[in-house]
Amino acid sequence: METKTIKHKSGFWDVVKSLVSGLRLTWKHFRNAKNRRTPEYVSDKNYFNQPDGLVTLKYPYEALPVPDNGRYRLHNEIDDCIVCDLCAKVCPVNCITIESVKATEEIGVTSDGTKKRLYAPVFDIDMAKCCYCGLCTTVCPTDCLTMTPVYDFAEVDIKNMIYHFTDLTPEQAEEKRQLLAKQQEEMAAAKAAALAARKQ
Amino acid sequence: MLAFVLTLVLLLSIVIVLAYAERKVAAFMQDRLGPTEAGPYGSLQSVLDVLKLLQKEDIVPAAADKSLFKLAPILIFAAVFAGFAVIPFTPDLVPAGIGIGVFYLLAIISLDVVGLLMAGWGSNNKYAMLGAMRSVAQIVSYEIPAGLAILAAVMVCQSLDFQEISYQQGALMNQFPGLEYEMNWLFGIRDLGINTTTIGGITTWNIFRAPILLVAFVIYFIASLAESNRAPFDIPEAESELVAGFHVEYSGFRFAALFLAEYSMMVLVSLVAVILFLGSWNTPLPNIGPVSLAYWTTGTVGELSSILWGGFWLLSKTFVLLFLQLQIRWTYPRLRVDQLMHLCWKVLTPIALAVVLIAGIWRLLMI
């Protein structure tokens, strides 16, 4: 192995030289302060290559772009949701709360042709609890639950972190519940009548 | 009274600019942006900082020595501010033109130390006490090389009057009463036979009039960094060790006063360096034959032109030194206590003594 002798620089002029080179370095940075980092996408060839200038971005005004398919805030397209409750079941942190009410008749079809038979008076996602694992989006049979590239949604009040996706007002939900109860009553009455008729 | 108000206003505006510059320069040297939100390019940041400080609650710790604690910031600021009284800002504008200005300045600045110790002791806090002791030890030690460097300049100029020293360093020298027949020679050596009395400009600055004062200037500059507790001699308020040194317990207006005193000290030591070594309010441009740049950029004494030119040159030279102080802060690491004392007692003081001796000999060459 080759041994190198380290030359200690401790003479007066060496010290002066090193002091001056330090000043030169900060002066260089000061002079290059007119250059700014530009918000480029990660695939840009300058993304990792910033030779000089200020590295800070004025965040709320400038931000590094995120991928179009970034997986951050959850969004539920309630028109396409069949309220199957799979997402709530698979969620490891239980951040999805769903209440369902059976419809008295078919409500309609989702964009992929699945029939909707349930109303969702409550479909809440607590984004403060969400761990962004994305399992709910994988199990969603109609692909209505998706992750969006929105990442800056901090709130002052933590209650605002709960997102309500239902399309029913409480009154509408109550109406649907009563319709269902009425239908079930009628069905029960019809069943009882049929039973009584058979016994005779 | 007018001088008091004018000096205070001038000082406050310089300090506001300096506090903003400090943050911007620091940011740029570290590849950051610095303040950007308050006003264009964040320029109102330091004004708003002061307003915020004034609105804050004035807390006096229960265990503090109340009278010392309350008096200290005022004493510290008063000591530094009193130093501005003898600073000549233009050829005919000096708040208090006393004949022993240099001596008075050195004496009044030493009072600062008492205030620091009062603040540290009065806070009844170990960090404040340690910070104050370090600060006092450092300032007292560095007053020796600084004083010797100033002494060298005084020996060359043969005067303790800042205004007389200022006049000596320019083409206007013969207009000062008592200096009518004085002459400046290139490098202060009469035998070279080159008379620079009417050339003025940079050739008559003290660092050129007696080149040994260049060494004195470097010594004074290093010592002045230590005296104003600036990096790399900022162990009194070493952020990572002592929180903020002697002003850790202060808040609101009292903190603002301490902060102001600290920045005023920076301005004051830079002003003194400029006046004693870098030609004071004199222009750096010399008269070259018929092209009398020095006279054109000096104005006529007693008229507005001389006030404007004088103030411009003095302040721009001061700001160059202040920028250097900021740059040094973001370039060099902090010295350890023993390294600090080593530099003061074993390096700067012996060199300063030698400089005083050589300056005395140089003076003999000048006459």
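**Helix α5 of chain B**

Helix α5 (residues 126–157) of chain B has 32 residues, and at 1.5 Å a residue they should span 46 Å; the end C-alpha atoms are 45 Å apart, which agrees. The expected span is 1.5 Å times one less than the number of residues. Helices are DSSP runs (H or I, at least four residues) and strands are runs of E (at least two), numbered from the N terminus.

This is a predicted model: local features need pLDDT of at least 70, side-chain atom pairs count only at pLDDT 80 or more, and totals for chains, interfaces and linings use all residues. Residues are numbered from 1 along each chain as its sequence is written, while chains are lettered from A and ligands numbered from 1 in the order in which they are written.

Now the detail. α5(B) has a kink of about 30 degrees at Glu143(B), shortly before the proline Pro145(B). The bend is the angle between axes fitted to the seven residues ending at a residue and the seven starting there. Just after α5(B) comes Gln158(B), with a positive phi of about 55 degrees.

How far can chain B be trusted? Its mean pLDDT is 86, and 99% of its residues reach 70 or more. pLDDT is the predictor's confidence in each residue, from 0 to 100. Where pLDDT is low, the predicted coordinates should not be read in detail. The model scores ipTM 0.80 and pTM 0.82.

Next, the record. An unreviewed UniProt entry lists "transmembrane region" for several spans of chain B, among them 71–90 and 347–365. Such positions follow the numbering used here, feature names are shortened, and annotations may be inferred rather than shown by experiment. Residues 71–90 of chain B are 65% helix and 0% strand, with end C-alpha atoms 33 Å apart. Residues 347–365 of chain B are 100% helix and 0% strand, with ends 27 Å apart by C-alpha atoms.

Last, the partner. The contact takes 11 residues from chain B and 11 residues from chain A. Two residues are in contact if their C-beta atoms, placed from the backbone, lie within 7 Å. On the side of chain B, helix α1 (residues 2–29) gives the most, with three residues.
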